[in-house]
2 protein chains.
Amino acid sequence: MSNCNQCIVKQFNALKTLSKDELVRVSNCKTSRTIKKGETIFEEGEMINGIYCIKDGVCKLSKLSPNGRAQIVKLVVKGDLLGQRSLIGKESANLSAIALNDMEVCFIPKREIVDDLSKNPEFCHSMLEQMANDLRESDNIIVNMAQKSVRNRIADILIYMFENFGENEEGFLAIHFSREDYANLVGTATESAIRIMSQFKKEGLISTSGKWIKIENLQKLKSIE
Amino acid sequence: MSNCNQCIVKQFNALKTLSKDELVRVSNCKTSRTIKKGETIFEEGEMINGIYCIKDGVCKLSKLSPNGRAQIVKLVVKGDLLGQRSLIGKESANLSAIALNDMEVCFIPKREIVDDLSKNPEFCHSMLEQMANDLRESDNIIVNMAQKSVRNRIADILIYMFENFGENEEGFLAIHFSREDYANLVGTATESAIRIMSQFKKEGLISTSGKWIKIENLQKLKSIE
DNA sequence: ATTAAAACATGACAAATATCATAGTATATT
DNA sequence: AATATACTATGATATTTGTCATGTTTTAAT
């Protein structure tokens, strides 16, 4: 059983505010788990009785809309906590979480950590900070969804990918997302996403090799209005 | 100087978790204020050094998009706290707040209340609950914006208005929003909002008298996909 | 009551995006 | 290496939504 106290990943989330004693308790109750690409971690409507600390990998939080398409609301990455809202109230998950690549996560049962929210003000405050950030981001996404063109949103998401996941040795985006995932991120049809990317290729903004995408002209991509 | 302890409005927000002593302190530092319809409470980018407790009235939280249109992200109503995120971190406001009708608010300076977040776990937890709710709502809005048609979103917002603000004696929606506000709520052009409402009138879903809107067939409105 | 300003309404058209069909290409599996 | 499967790509077309122009109605101010 590995020790949370020595885990580097917790530095990036609210768990860093827990005391040594609290971390010992968490270490003893947590379960480590490997999740394969494409696997569902939890589904909307499900009760999640705890939080996941992401040690490695990326997952999408998405929701099925009435028209049958999925909308990705947020990407959860290494260092993030997943399922924070399960600690507050008794509601079931509002979103589904699906792994976008192979992941390593630790699951901490709610009952073992929920009391820390009321007993450790620092922990509560740190959760609040994270939540406030998420809220600001979500609000910004609403504005973009409502006001920007699909072309614009595709450009934005490509920039986001570049800035958050970087590039591999050959200069391609270091993480692979299907075109459908891109479409679901920006809220458009898969064909539209592909079409716009093809357009970007013709304009020299990006290039592709199979499923891999390379950002060729970040400045120009950023200047798309 | 009125006493927060006796204020009914605080029952609806995190202030209810404050102790009597804390409330006395808040009572002594708060400033009551009347805000006229159309007046700006704060603007995006501005530093707000405190929170507003809404005693009466409604305001919109909106953000200007690059294309020059405003997007309304949230409506803040009687009983709500406004500017909660100002208590966390030092960032400036991400959204502008503008009164939609005459309002009565109390302003509580940040310095007088920020310590309660770390000293009163209940208060912190209550803020967390509110924030978690806001986040869930925002996530749902993202999905709707991205996946539903404008027609569908207009229907949704009319239902929302009916269910949240009710009707007056003559059966009209008890609160007046301009067609532009409706458009900014659902993220469309004002003309499109007007056009779709005209369509709804022809279909007998709503009727209007001047600026006032009456919901004529809620069931059918709800069944719009 | 009159007038100015704001809000509402609608037509004509353009642009953006979705949908359906179909085909090519890459990837993983055997 | 062959094959099935999933993914990417693109054309044709329909639908939705935005934009511009213009007119009408309502509201507010004098």
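The model is predicted. Chain A and chain B bury about 3800 Å² between them. Around DNA strand C there are 19 residues.

**At DNA strand C**

- Among the 19 residues around DNA strand C, the nearest are Val150(A), Thr188(A), Ser192(A), Ser198(B) and Lys201(B).
- Of the DNA strand C atoms that come within 4 Å of the protein, 59% belong to sugar and phosphate.
- The surface near DNA strand C holds eight charged, eight polar and three nonpolar residues.
- Ala189(A) uses a backbone N or O atom, which sits 3.4 Å from a phosphate oxygen of DNA strand C.
- Glu191(A) reaches a base instead: an N or O atom of its side chain is 3.4 Å from a base nitrogen of DNA strand C.
- Two elements each give two or more residues to the surface near DNA strand C: α6 (190-202) of chain A and α6 (190-202) of chain B.
- α6(B) gives the largest share of that surface, with five residues.

**Thr188(A)**

- Thr188(A) sits in the loop between α5 (179-186) and α6 of chain A.
- A polar atom of the Thr188(A) side chain is 2.3 Å from a phosphate oxygen of DNA strand C.
- Thr188(A) has a relative accessibility of 8%, so it counts as buried, the limit being under 20%.
- Beyond residues up to four places away in sequence, Thr188(A) touches Arg69(A), Val150(A), Ala183(A) and Ala193(A).
- One of these, Val150(A), is 38 residues from Thr188(A) in sequence, yet their C-alpha atoms are 7.0 Å apart.

**Where chain A meets chain B**

- Each chain brings residues to the contact: 39 from chain A and 39 from chain B.
- Carbon and sulfur atoms give 67% of the area buried between the two chains.
- On the chain A side, Leu128(A), Ile142(A) and Gln147(A) lose the most area to chain B, and together they make up 18% of what that side buries.
- Four salt bridges are counted between chain A and chain B.
- Arg85(A) forms a salt bridge with Asp139(B), with the closest N and O atoms 3.5 Å apart.
- Polar contacts link 16 residue pairs across chain A and chain B.
- The side of chain A that touches chain B draws at least two residues from each of β5 (70-77), α2 (110-119) and α3 (121-147).
- The largest share of that side comes from α3(A), which supplies 21 residues.

**Gln71(B)**

- Gln71(B) belongs to strand β5 (residues 70-77) of chain B.
- Gln71(B) has a relative accessible area of 0%, so it is buried.
- The Gln71(B) side chain reaches the backbone oxygen of Asn184(B) at 3.1 Å.

Key: Residues numbered from 1 in each chain as written. Chains lettered and ligands numbered in written order. Predicted model: local features only at pLDDT ≥ 70, side-chain atom pairs only at ≥ 80, totals over all residues. Heavy atoms only, no water. Near = heavy atom within 4 Å. Polar contact = N/O pair within 3.5 Å; in protein donor to acceptor, adjacent residues only side chain to side chain. Helix = DSSP H or I, 4+ residues; strand = E, 2+ residues; numbered from the N terminus. Nonpolar A, V, L, I, M, F, W, Y, C, P; charged D, E, K, R; others polar. Buried < 20%, exposed > 50% of the residue type's maximum accessible area, 1.4 Å probe, protein only. Contact = heavy atoms within 4.5 Å. Buried area = accessible area lost by both parts, 1.4 Å probe. Salt bridge = Lys/Arg side-chain N within 4 Å of Asp/Glu carboxyl O.
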